[in-house]
Amino acid sequence: TADLTWTSIEGSSDDERDGSGGVDDYSDSDDDDFTSDGTDISKALVSTSADHTSGNDVAIGEIVTYTIDVNLPEATIPSLIITDNLPVGLAFITGTVVLDDAGFGGTLPSFTIDSNEGNGDDIVITFGSFTNTGDNNTSNDEFSITFQALVLNTAANNGYSGNTTMDNTATIQIGTLPPETTPPVQITVV
């Protein structure tokens, strides 16, 4: 609901129309639905499991941990789909998704995870409708999802043709709005 009150006189006056009612009052109120694209999504490589690799360099059999940070507008979210676009050469590890909503101002509903868990199969995390509380506090509009993937022993990852670099992105879609995609996070199989 939007409430609007305005004046025709600068400063304060007993003759001022003040929104308290009456025929010549400058006041209005109305309900309407609107779309706001206040979303932001980012993705990062948090850690890898092998001690003999460093940075974004990984080895076959190594486990990589990613975090997706999601920042939402203060609104009712009709549905939310987060898709991690795993590249060929990585496989999602079942049971590793962790939701951190400790600082989130709304209440997230339970979510579903859909993935075939195979070579390069995407991870799709779906939330139903929920509300991110409208408190004008942007510091509590974010939550994160962390998960792990396994670097597979595939022909492309075996190093016969040099090191393999893989780009990993994530997308977010609210309701029927167009999806937004993160810049790629790269790892290199060495």
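Throughout these legends, a residue is called buried under 20% relative accessible area, exposed over 50% and partly exposed in between, as computed with a 1.4 Å probe on protein chains only. The structure is a predicted model, in which local features need pLDDT of at least 70 and side-chain atom pairs count only at pLDDT 80 or more, while totals for chains, interfaces and linings use all residues. Residues are numbered from 1 along each chain as its sequence is written, and side-chain values use heavy atoms, with hydrogens and water left out.

View 1. Lys43 is buried, with a relative accessible area of 11%, and its side chain meets that of Asp84 in a salt bridge with an N to O distance of 1.9 Å; the term stands for a side-chain nitrogen of Lys or Arg within 4 Å of a carboxyl oxygen of Asp or Glu. The pair joins distant parts of the chain, with Asp84 in strand E7 (residues 80-85) and Lys43 in strand E3 (residues 40-48), 41 residues apart; strands (E, at least two residues) and helices (H or I, at least four) are DSSP runs, numbered from the N terminus. Asp84 counts as buried too, at 2% relative accessibility. By the rule given above, the count comes to 1 salt bridge. The charged end of Lys43 also sits over the ring of Tyr66, 4.3 Å from its centre, a description that requires NZ of Lys or CZ of Arg within 6 Å of the ring centre and within 35 degrees of the ring normal.

View 2. Rings of Phe, Tyr and Trp (its six-membered ring) pair if their centres lie within 6.5 Å, and planes under 30 degrees apart count as stacked, over 60 as edge-to-face and the rest as tilted. In one of them, the ring centres of Phe104 and Phe143 lie 5.5 Å apart with the planes at 80 degrees, so the pair is edge-to-face. Phe104 lies in the loop between strand E9 (98-100) and strand E10 (111-114), and Phe143 in strand E13 (residues 142-151), 39 residues away. Both Phe104 and Phe143 are buried, and together with Phe111, Phe127 and Phe130 they form one aromatic cluster.

**View 3. The largest nonpolar core.** A nonpolar core is a set of buried Ala, Val, Leu, Ile, Met, Phe, Trp, Tyr and Cys residues joined through side-chain atoms within 4.5 Å. The largest one has 33 residues, and those with the most contacts inside it are Val64, Leu72, Leu80, Ile82, Leu90, Phe127 and Phe143. Strands that each supply at least two residues of this core include E3, E7 and strand E16 (185-189), and E13 gives the most, with 5 residues.

**View 4. Ser144 in strand E13.** Ser144 lies in strand E13 and, at 12% relative accessibility, counts as buried. Leaving aside neighbours within four places in sequence, Ser144 is in contact (heavy atoms within 4.5 Å) with Thr67, Ile68, Asp69, Val98, Leu99 and Asp100.

**View 5. Two loop residues with positive phi.** Glu117, in the loop between E10 and E11, has a positive phi near 60 degrees although it is a residue other than glycine, and at 38% relative accessibility it counts as partly exposed. Asn136, in the loop between strand E12 (130-131) and E13, has a positive phi of about 55 degrees and is not a glycine either; Asn136 is exposed, with a relative accessible area of 75%.
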